[in-house]
Amino acid sequence: MLYFRKNDNVIEKYQVDFDKEEMEELKKRIIDNCSFIEHKEYKSDYFPRFTDEIIKNFRCTSTREKNEYFEEIREIDLYSYDQYNPPYLVELINRLLQNDSKVVDEIFNYDVSTKLSIDDKINSVNQEFIKINPENITKRKAKLKEIEDLLKAKELNKGQQSIDLYYTQLIGLIKFELVDSLSISELNRVETFLEIELANKIIVDDSGEKACVKSFEKK
């Protein structure tokens, strides 16, 4: 995969390489160890449909209950599963595996700072509960249920890890080799000569491989 970068007054062309098997394995570890896990449990007479969701510990149990419709009678089952919500870094890795050169900058500028923790969320919701009028029983019950759900989520996610270590491993897997460079003055001359705008254009090399030129300001 080709990647173009502006370095002072020069546009540098790099060959970007990585081992796809190692990258896939790293992605799997991030999903397993860094996802926010939500437990889902509900009754339905229809089997759940999943698209891109990452589901684990799926269970379907008969309730012996039924729903009667005009045209049919359907059995009701109890469905329970854990839904893994991976960090955005996983989406960036997927784009990298698809040879999207535009994702390189996003990966290297990825913010690994800690987001609002579950403890912070619990404290915030608890403060909201305290401010509710004691006579508003319905609202207080709803807020208590919210706190209860957060406490369950905290227990479910107690083994999850920070993304920091895995992000460092990801950066280490991506290899750059400088292929060539071109001064911006030369590029400007080519643009003027051909009467075209090259910045932000897709360039296709002789092998048919596509690469996006990183946006830059002319000087």
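**Entry 1: a buried valine**

I began with Val103, which is buried at 0% relative accessibility. Val103 sits in helix H3. I noted that helices (H or I, at least four residues) and strands (E, at least two) are DSSP runs, numbered from the N terminus.

Next I asked which residues Val103 touches, not counting residues up to four places away in sequence. I found Leu92, Arg95 and Leu96. A contact here means heavy atoms within 4.5 Å. I also looked up Tyr3, which is 100 residues from Val103 along the chain; their C-alpha atoms are separated by 9.8 Å.

**Entry 2: what kind of model this is**

I reminded myself that this is a predicted model, where local features need pLDDT of at least 70, side-chain atom pairs count only at pLDDT 80 or more, and totals for chains, interfaces and linings use all residues. Residues are numbered from 1 along each chain as its sequence is written, and side-chain values use heavy atoms, with hydrogens and water left out.

The term pLDDT is the predictor's confidence in each residue, from 0 to 100. The protein chain averages 86, and 89% of the residues score at least 70. Where is confidence lowest, and where is it highest? The lowest mean, 41, belongs to strand E7 (residues 202-204), and the highest, 96, to helix H1 (residues 20-34). Over residues 201-219 pLDDT stays under 50, and the model has 45 contacts beyond four places in sequence for them. I wrote myself a caution: where pLDDT is low, the predicted coordinates should not be read in detail.

**Entry 3: the chain as a whole**

I counted elements next: the protein chain has 7 helices and 8 strands. Of its 219 residues, 31% are buried. I then looked at contacts with a separation of 6 or more, and residues 24 or more positions apart account for 68% of them. The chain exposes about 15,000 Å², with carbon and sulfur atoms supplying 49% of that area. Accessible areas come from the Shrake-Rupley method with a 1.4 Å probe; for residues, only the protein chains shown count as cover.

**Entry 4: cysteines and a serine**

How many disulfides does the structure hold? I found 0. The cut-off is a pair of cysteine sulfur atoms within 2.5 Å.

Then I moved to Ser80, in strand E5 (residues 73-85). Is Ser80 buried or exposed? Its relative accessibility is 11%, so Ser80 counts as buried. Leaving out residues up to four places away in sequence, Ser80 touches His39, Lys40, Glu41, Asn57, Phe58 and Arg59.

**Entry 5: salt bridges**

I searched the whole structure and noted 15 salt bridges. Each one is a side-chain nitrogen of Lys or Arg within 4 Å of a carboxyl oxygen of Asp or Glu.

The side chains of Arg95 and Glu106 form one of them, at 2.9 Å from N to O. This pair links distant parts of the chain, with Arg95 in helix H2 (residues 88-97) and Glu106 in helix H3 (residues 103-108), 11 residues apart. Arg95 is buried at 19%, whereas Glu106 is partly exposed at 31%.

Helix H5 (residues 137-156) gave me another pair, Glu146 and Lys143, 3 residues apart and so separated by about one helical turn. Their closest N and O atoms are 3.3 Å apart. Lys143 is buried at 15%, and Glu146 is partly exposed at 34%.

Glu148 and Lys152 also both lie in helix H5, 4 residues apart, about one turn of the helix. In their salt bridge the closest N and O atoms are 3.6 Å apart. Glu148 is partly exposed at 37%, and Lys152 is exposed at 52%. I also noted a network: salt bridges that share partners join Lys28, Asp32 and Lys56.

**Entry 6: a patch on the surface**

Last, I looked up a nonpolar surface patch of about 390 Å², made by Val190, Phe193, Leu194 and Ile196. Patches are made of residues with over 30% relative accessible area and no salt bridge; like charges are joined within 9 Å, and nonpolar side chains (Val, Leu, Ile, Met, Phe, Trp, Tyr) within 5 Å. Phe193 is found in helix H7 (residues 184-194) and is exposed, at 68%.

How values were computed. Buried means under 20% relative accessible area, exposed over 50%, partly exposed in between (1.4 Å probe, protein chains only).
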